[in-house]
Amino acid sequence: MVDLTQQLEEQIQHAYVTKTPLKIQAGNTKAHLGRETSGEVVDMANHTGVVSYSATELVIRVRAGTKISQLNDLLAEQQQRLPFDPPSFNGEATIGGTVAANQTGASRPWFGGVKDSLLGLGLINGYGEAMQFGGQVMKNVAGFDVTRLQCGAMGSLGLITDVSIKLLPEFKAGHTVTFEMTAEVALEAMLRWANLSLPITGMSHFQGLLYVRLQGGDSGVTSASNFLGGEQLNSVAAKEFWQALKEGRLLQPTPNQILWRWSGASDSPIDAGSNTSLINWAGAERWILETGSNPPLEGLTQHKGGDRLAQVFGAVSPPQQALQQRIKYAFDPHGILNAGRLYSWM
Amino acid sequence: MHTLSNTSNDPVKQAGEAGNVAALISDLQQLLPASGLIMSTESQRPFECDGLAVYQQLPLITVIPETVDQVQGILRLCYSHRVPLVPRGAGTGLCAGAMPHAEGVLLVMTKLNKILHINQHTATARVQPGVRNLALTDAAKPMGLYYAPDPSSQIACTIGGNISENSGGVHCLKYGLTVNNLLQVTLVTIEGKLITLGGDGLDEPGMDLLSLFVGSEGLLGVVVEAKVKLLPRAPRVQVLLAAYDSVTAAGDSVAALIAQGIIPAGLEMMDHLAISAAEDFVKVGYPTDAQALLICELDGTDAEVEEQLAVVSQCFKNHGAKHIRIAKDAAEADALWQGRKAAFPAVGRISPDYYCMDGTIPRSKVGYVLTRISELSNTYGLRVANVFHAGDGNLHPLILFDASVDGELERAELLGGDILTLCVDVGGTITGEHGVGLEKMPQMPYQFGDAELAQFRRLKAAFDSEELLNPGKGIPTLKYCQEYRSLQHG
């Protein structure tokens with residue numbers, strides 16, 4: 001429970017004057033994401049604690065270095081949860097890094113991503129100015145949405161100091177059913193079921209099995225389970241599967257492999273030429289584990305493994321690149337914050 | 001009547017502007033057919049304001065393009081001639097965000113109104129910005145789908161306008177605002193270039209530029225195409241109404257229900273004045289002796305709705321509901337909603353004018369804030385009817401006044417300003433869904449500090465360095481803030 005905001009502000013103010021590159025770090029659980037960078041470490045690991053938690057409002061405000069695992073435990077005491085169900089990476093991931101790297105679990109298509117639950121945040125820009133955007137209320141359209149802009153920015157626009165998040169009640173019941181299916185057949189089933197207003201919170205295909213997770217009230221889950229049929233997965237195995245999926249343990253690249261991520265329309269056909277290893281998010285996210293360094297398809301993200309100094313997030317159109325560079329300049333004119341983490345040119 | 005004078009005091013700049021304008025008009029005539037240009041005062045009159053009609057201004061010229069190419073051409077011309085441009089859709093906004101600029105071009109996007117594609121499999125739609133909100137839901141209906149954001153102007157308002165304002169509606173408690181239901185936007189920059197933000201998937205790598213753009217009130221670019229999410233229609237929708245002897249009890253019911261983990265599809269509240277006005281107008285059987293009403297909509301499968309209905313009814317009873325009415329069928333549900341939806345025009349019948357506010361507060365502060373509003377109402381001698389999205393704490397106090405009485409509009413604005421600062425004081429915001437526009441500029445320096453406002457201005461410059469897109473709205477200038485603060489401390 002320590003507030004290091006002032007110290008962090010001073011570190012960045014000093015770096016602004018001396019034009020010193022900074023590398024933001026807390027649990028250091030996401031080094032495998034984005035590009036490799038160097039710089040003086042801004043250590044967020046001790047900037048921790050709950051600033052306010054109103055269980056009856058379903059809103060929490062926490063400092064960025066607070067661990068996801070601790071947050072989950074705290075919320076569980078009140079039968080509440082983070083709607084975007086992020087990975088905790090062996091218990092070390094923090095909420096600041098989770099927001100910055102836009103980390104969402106299997107329920108993404110139904111309960112939204114980080115941005116859908118993020119109400120506000122504190123940010124120190126590249127001048128070393130501490131600012132607050134958004135707030136703790138449900139709806140807020142005053143000013144530009146600097147809050148959500150940070151999702152996925154990987155610290156390149158500012159240091160996130162605290163975040164306010166909208167919470168949801170914990171599910172009363174949960175149940176996973178599986179179906180033996182090829183990827184093609186599973187994709188059809190996912191598309192069909194996704195549009196049926198069922199209490200689905202996960203649909204993934206892995207190693208010949210389609211996994212469907214149902215969560216919600218008792219009767220809603222039971223009736224949906226009866227409707228879908230399939231093979232019931234025992235609760236221990238179900239928990240282990242969804243946990244392994246979320247934490248990225250299902251597909252681990254060997255040193256000569258790259259794990260590629262594809263994000264697109266859920267009804268895109270399974271590409272015959274590529275070896276799709278995992279389908280997640282009811283078809284909207286797919287994973288390909290391949291040997292060698294060439295992307296098996298266009299428009300993929302080099303998620304894990306391979307050369308981390310390459311443009312891991314793929315190409316960006318020239319007007320979009322120019323715009324992002326101007327936005328970077330608007331927050332961080334000396335380019336000291338996580339420079340090169342997203343793209344070599346930013 | 002409010003008008004804005006944008007006349008520059010700089011004589012050199014003025015001369016330059018006059019020359020620019022003549023050249024711009026000639027270039028626009030080359031670009032657009034005669035039907036796409038409106039120049040006469042009489043024909044431009046319908047465009048001089050948006051839904052907040054107390055702010056009016058005629059533009060220099062109004063253009064109505066029919067193609068994306070024409071939109072790009074118009075922006076290129078405004079940029080090269082350095083002439084301001086204000087984009088607008090149907091003009092249903094409530095913050096004077098689409099009020100024209102006296103020396104600028106008004107860009108009307110309503111003719112780009114095609115639904116390009118609805119994909120039933122992925123439950124998404126690609127639309128042009130001028131498509132009406134309700135037209136999209138109607139088109140998706142045969143596929144069992146609908147577009148969730150449903151502002152009360154949904155019969156007229158456009159998707160482009162909804163994106164610019166991040167519009168909500170009665171169902172955003174459960175299904176989110178525009179920002180939560182949007183996948184992709186193609187916009188034209190002030191230089192006339194096309195940029196696509198977001199993607200076909202759910203989370204693209206990198207900073208979330210799409211979310212930044214949503215709600216940017218026409219200050220960053222002009223939307224020419226959008227891809228939105230559609231939702232499957234719930235198999236069952238159940239509406240119930242609860243009547244209370246006090247607004248505080250109704251407010252407590254709302255907080256208690258949310259705290260129990262129930263998120264209804266909609267949860268609306270009306271106070272006594274709004275109930276009476278609505279009942280007089282639409283006669284749907286609202287209990288006019290009640291001090292507050294809650295209208296609650298639950299949706300889902302039969303099993304889910306039955307389970308929730310029991311919890312909700314019990315919760316409302318426990319927190320002082322005197323009377324609960326559960327709609328027996330779709331017709332009765334529609335009737336219960338009708339009174340809420342007609343509340344604004346109903347209030348319009350009992351007062352020559354009304355002024356709609358849009359603050360959002362923590363749900364637990366509803367009782368306190370309503371009591372304070374009632375005190376302020378007495379102080380200013382103006383009646384206030386309260387109709388609002390109780391579930392997410394988004395208040396719409398309607399200040400009743402008569403613009404023909406000297407000083408009443410000014411008093412209504414002062415009362416409105418006090419209500420907004422009250423919202424900020426309890427940890428809320430000056431606008432939940434209507435936007436800042438021109439109207440709420442005075443309250444921006446109250447909600448944000450100098451560093452945040454300066455950051456907004458630098459962000460604006462990253463998109464529009466010449467400050468041509470909807471100037472004078474949304475984000476106050478440094479000079480404006482200094483004047484505001486000296487007034488506050490003077």
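Me: Which residue in strand 4 of chain B stands opposite B:Pro87?

Reply: Strand 3 of chain B pairs with strand 4 (residues 105–108) of chain B in the parallel sense, and 4 bridges make up that pairing. Within strand 4 of chain B, the residue standing opposite B:Pro87 is B:Leu107.

Me: Which element gives the most to the side of domain 1 of chain B that touches domain 2 of chain B?

Reply: Chain B is divided into four stretches, among them domain 1 (11–108) and domain 2 (115–232), and the C-alpha centres of domain 1 of chain B and domain 2 of chain B lie 24 Å apart. The contact draws on 15 residues from domain 1 of chain B and 18 residues from domain 2 of chain B. On the side belonging to domain 1 of chain B, at least two residues each come from helix 3 (68–81) and strand 3 (85–88) of chain B. With 7 residues, the element that gives the most is helix 3 of chain B.

Me: How do the residues of the side of chain A that touches chain B divide into nonpolar, polar and charged?

Reply: The contact between the chains involves 63 residues of chain A and 69 residues of chain B. On the side of chain A that touches chain B, several elements supply at least two residues each, including helix 8 (218–228) and helix 10 (318–331) of chain A, and helix 10 of chain A provides the largest share, 7 residues. The residues on that side of chain A divide into 28 nonpolar, 24 polar and 11 charged.

Me: Why is one side of strand 13 and of strand 17 of chain A left without a neighbour in the sheet?

Reply: These strands belong to an open sheet of 8 strands in chain A, with the order 13-10-12-11-15-16-14-17 and antiparallel pairing. Strand 13 (231–233) and strand 17 (301–304) of chain A stand at the edges, so each has a single partner strand.

Me: Which residue in strand 17 of chain A is the bridge partner of A:Arg261?

Reply: Strand 14 (residues 257–263) of chain A runs antiparallel to strand 17 of chain A, and 3 bridges join the two. In strand 17 of chain A, the partner of A:Arg261 is A:Thr301.

Me: Over which residues of chain B is the pLDDT below 50?

Reply: The predictor gives the complex an ipTM of 0.97 and a pTM of 0.96, and chain B has a mean pLDDT of 93, with 96% of its residues at 70 or more. Where pLDDT is low, the predicted coordinates should not be read in detail. One stretch of chain B has 12 contacts in the model beyond near neighbours in sequence, yet its pLDDT is below 50: residues 3–16.

How values were computed. Residues are numbered from 1 along each chain as its sequence is written. Chains are lettered from A and ligands numbered from 1 in the order in which they are written. This is a predicted model: local features need pLDDT of at least 70, side-chain atom pairs count only at pLDDT 80 or more; totals for chains, interfaces and linings use all residues. Domain bounds come from an automatic or database domain assignment. Two residues are in contact if their C-beta atoms, placed from the backbone, lie within 7 Å. Ala, Val, Leu, Ile, Met, Phe, Trp, Tyr, Cys and Pro count as nonpolar, Asp, Glu, Lys and Arg as charged, and the others, Gly among them, as polar. Two strands pair if DSSP finds at least two bridges between them. pLDDT is the predictor's confidence in each residue, from 0 to 100.
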